[in-house]
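Take a moment with the sequence and the model before reading on.

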Amino acid sequence: MAGNADAASASGLKLNYYSKSCPRAEEIVREQVKIHYGQHKNTAVSWLRALFHDCIVKSCDASLLLQTAAAAGVVSEQSSKRSFGMKNFGYIDDIKSALERACPGTVSCADLLVLATRDGVALIGGPADIPMRTGRRDARASYYGEVERYVPNHNDSVSTVLSRFASMGVDAEGVVALLGGHSVGRVHCFNFNLVARLYPAVDGAFEPVYGAFLRKRCPSAHPIEDTNLDVTYARNDRHAQRRGLLLVDQGLATDPRTAPFVRKMAADNAYFIDRFAAALVKMSENGPLTGDKGEIRKDCKSINTL
């Protein structure tokens, strides 16, 4: 399992960072995650994607959570084309409110997102009780203008995707594990140009029965509505079965740098779970703001007023 009992990491984070300043912090997050997951099952998937988008753009610093505020000169990263379809940020606000009631001005939004993702992943059948270090602080700026430079496109080559993840210290094995996160949630026919793989003919990379199923779910080459495709499944074996919905997923199954890991994770779910946990920890510790850098936001949507 990822992590260990050692309290500190090279990034300056440590386990149980809030043990004295806010002893129930992680318990409060876990309680809130369970409440919201019970009401809306897609929250866990939303937080996982949000953590990836937050961490890969420079740092795990909650810059993604900032909303556009003209007066403060903030353009939200959420408005980038790469952020299309992201949602459930309101539930982050609910969790933050619960933390502020217990320990005002103590727990960062960056840590909140990491912990909510960890607990949400456990609820959808992923690894439980991943030891996540905390102590991050929140950015005082949005990096909207740099989102497309950091966040890979679903149609990017495997080389590009591996390079982007490598910037966070995640290796090829970790990339395969984390992209196993595509095994839950929904894909939009319109947004991801899935129809380009279905019309005028089904992409030969698809397993035929699956290709026919997808054409029924996306019945037009010119979707008027933003149709959702549920792609929930229990194991990281879709790629090996030629059911990688996105081009990058299918690429993982054929590229010699990643294909062995795809096959191994498809055959051994315990191995997949273990590698997913390790890669999630690695990603969550990308360039955090610590010490006197950044701030502890009172509201995750906006920078504190001085």
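A disulfide here is a pair of cysteine sulfur atoms within 2.5 Å. The model is predicted, so local features need pLDDT of at least 70 and side-chain atom pairs count only at pLDDT 80 or more, while totals for chains, interfaces and linings use all residues. Residues are numbered from 1 along each chain as its sequence is written, and side-chain values use heavy atoms, with hydrogens and water left out.

Searching the whole structure gives 3 disulfides.

| Pair | S to S | About the S-S bond | Hand |
|---|---|---|---|
| C22 and C103 | 2.0 Å | 80° | right-handed |
| C55 and C60 | 2.0 Å | about 120° | right-handed |
| C109 and C300 | 2.1 Å | -100° | left-handed |

The left-handed link of C109 and C300 ties together parts 191 residues apart in sequence, since C109 lies in helix α4 and C300 in the segment after α11. Helices are DSSP runs (H or I, at least four residues), numbered from the N terminus. Both C109 and C300 are buried, meaning under 20% relative accessible area with a 1.4 Å probe, protein chains only.

C22 is buried at 1% relative accessible area, and C103 is buried at 10%. In the remaining pair, C55 is buried at 0% and C60 at 1%.

Now for helix α10 (residues 259–267): A259, V262, M265 and A266 are buried there.

Conventions. Buried < 20%, exposed > 50% of the residue type's maximum accessible area, 1.4 Å probe, protein only. Helix = DSSP H or I, 4+ residues; strand = E, 2+ residues; numbered from the N terminus.
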